[in-house]
Amino acid sequence: MDEAALLQNLRSCIPEFDCIPGCTACCGHIPWSEYEYNQLSEHEKATFERFTLKCPFVGDGRCTIHDKRPMTCRIFAVTEGLP
């Protein structure tokens, strides 16, 4: 199984969680896999290079790349519900 398929399979196992508008509790300094990083556009990669203590993809109190967010972000607040 390739990495994309593996990540998609893992993501499908994560319980749904509706983010609270304006909450950026999970938007700290988090790890990204090489695969996840490579899914970013060149502009997003340049933004990523400014990563410090707060995620550079937080804008107006929300994630600006929500569909590309890494696994760490996806499991925030739902780990108690995982088998």
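Is Arg62 buried or exposed? In this predicted model, Arg62 is exposed, because its relative accessible area is 52% and the cut-off for exposed is over 50%. The residue belongs to strand 2. Leaving aside neighbours within four places in sequence, Arg62 is in contact with Thr24 and Phe57.

The overall fold was examined next. The protein chain contains four helices and two strands. Their order along the sequence is α-α-α-β-β-α. Helix 1 covers residues 3–12. Helix 2 covers residues 34–38, and helix 3 runs over residues 42–48. Strand 1 takes in residues 58–59, and strand 2 takes in residues 62–63. Helix 4 spans residues 71–75.

The dimensions of the chain were then considered. The radius of gyration is 13 Å. A compact globule of 83 residues would have a value near 12 Å, so the chain agrees with that expectation. Along the principal axes, the C-alpha atoms fill a box of roughly 35 × 30 × 15 Å. Of the 83 residues, 29% are buried. Among contacts with a separation of 6 or more, 68% join residues 24 or more positions apart.

Cys23 lies in the loop between helix 1 and helix 2. Its relative accessible area is 40%, so Cys23 is partly exposed. Cys27 has a relative accessibility of 10% and therefore counts as buried, since buried means under 20%. A disulfide is a covalent bond between the sulfur atoms of two cysteines. The count of disulfides in this model is zero, where a pair would need its sulfur atoms within 2.5 Å.

Asp60 stands out by its backbone. Most residues other than glycine have a negative phi. The phi of Asp60 is near 55 degrees, a positive value in a residue other than glycine. Asp60 sits in the loop between strand 1 and strand 2. Its relative accessibility is 84%, so Asp60 counts as exposed. The C-alpha atom of Asp60 is 7.3 Å from that of Gly22, while the two residues are 38 apart along the chain.

Beyond its neighbours within four places in sequence, Thr47 is in contact with Pro56 and Phe57. Phe57 is also in contact with Arg62.

Rolling a probe the size of a water molecule over the atoms shows where empty space is left. The largest pocket has a volume of about 590 Å³. Its lining is made up of 28 residues, and the closest to the centre are Phe17, Cys19, His66, Arg69 and Cys73. Helix 1, strand 2 and helix 4 are the elements that each give two or more residues to this lining. By class, the lining holds 18 nonpolar, five polar and five charged residues.

Key. Residues numbered from 1 in each chain as written. Predicted model: local features only at pLDDT ≥ 70, side-chain atom pairs only at ≥ 80, totals over all residues. Heavy atoms only, no water. 1 Å grid on protein atoms, 1.4 Å probe; cavity = no way out; pocket = protein on both sides within 12 Å on 5 of 7 lines; lining within 4 Å. Points joined across faces, edges and corners; volume = space filled by probe spheres on them. Nonpolar A, V, L, I, M, F, W, Y, C, P; charged D, E, K, R; others polar. Buried < 20%, exposed > 50% of the residue type's maximum accessible area, 1.4 Å probe, protein only. Rg over C-alpha atoms; globule rule 2.2 N^0.38 Å. Contact = heavy atoms within 4.5 Å.
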